[in-house]
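Try each task before reading its solution.

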Amino acid sequence: MNITRRSILTASAIAIAVAGVLPTTAMAAEAPAPAAASASWKNLTPSETLASTPWKTTSAVDQDGNRVALDNPAVSNFVGWAYFDADGTYTMYNLDDSPKLRGDWTVAADGSSRWINAKDANGNVLFQRTVPITELTKNVFTYRVFPNAGDTSVYYDIVHTKTNHVEPGTDAKGPGVNNGQGGEGNGDYHFNNGNAR
């Protein structure tokens, strides 16, 4: 008798259903091929994509396409590690892992913008900011900031790339623990897609 992995897993799904337990996924029998798995992020909403991984600021580019140093005062406030949780809260840290911001976030349903607020330790809102998103994929998240809201001809695109940097203070239990590609990388591993601009 030739028993395949699919028939075993299908039998498992039936046994679970008979036992009255609903499977939480489409069972491993329906596991996509590697190519399908890599494309599965495209089925995520923009919010799910943003929350799917931690992010590291890796570059900034001005309206003329020129790279801007991350310590430049025009962009330095936007640099760091960002952790967007699916529950609509976020935490950001400076690149030295010191705390930076925390609060609430949303992304427009069409992925065109991201809104955040920043809260103090008592939960009082300090400020709110909405920025246009210029790119959001599983590896790159870029948003645009305008130094002068009344002049949209001058701007900076702040580029973030996927990272598996463990969220500071989480004792290696943060969202970045297993986000390397195929288990590769270490705490500072990140993709550099989108940096060559």
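**Exercise 1.** Find what share of the protein chain counts as buried.

*Solution.* Start from the cut-offs: buried means under 20% relative accessible area, exposed over 50%, and partly exposed in between (1.4 Å probe, protein chains only). With these, 35% of the 197 residues of the protein chain count as buried. This is a predicted model, in which local features need pLDDT of at least 70 and side-chain atom pairs count only at pLDDT 80 or more, while totals for chains, interfaces and linings use all residues. Residues are numbered from 1 along each chain as its sequence is written, and side-chain values use heavy atoms, with hydrogens and water left out.

**Exercise 2.** List the order of the elements from the N terminus on.

*Solution.* Take helices (H or I, at least four residues) and strands (E, at least two) as DSSP runs, numbered from the N terminus. The protein chain then has three helices and nine strands, in the order α-α-α-β-β-β-β-β-β-β-β-β.

**Exercise 3.** Which residues does Thr 106 contact, leaving aside its neighbours within four places in sequence?

*Solution.* Thr 106 lies in strand 5. With contact meaning heavy atoms within 4.5 Å, its partners are Ser 113, Arg 114 and Trp 115.
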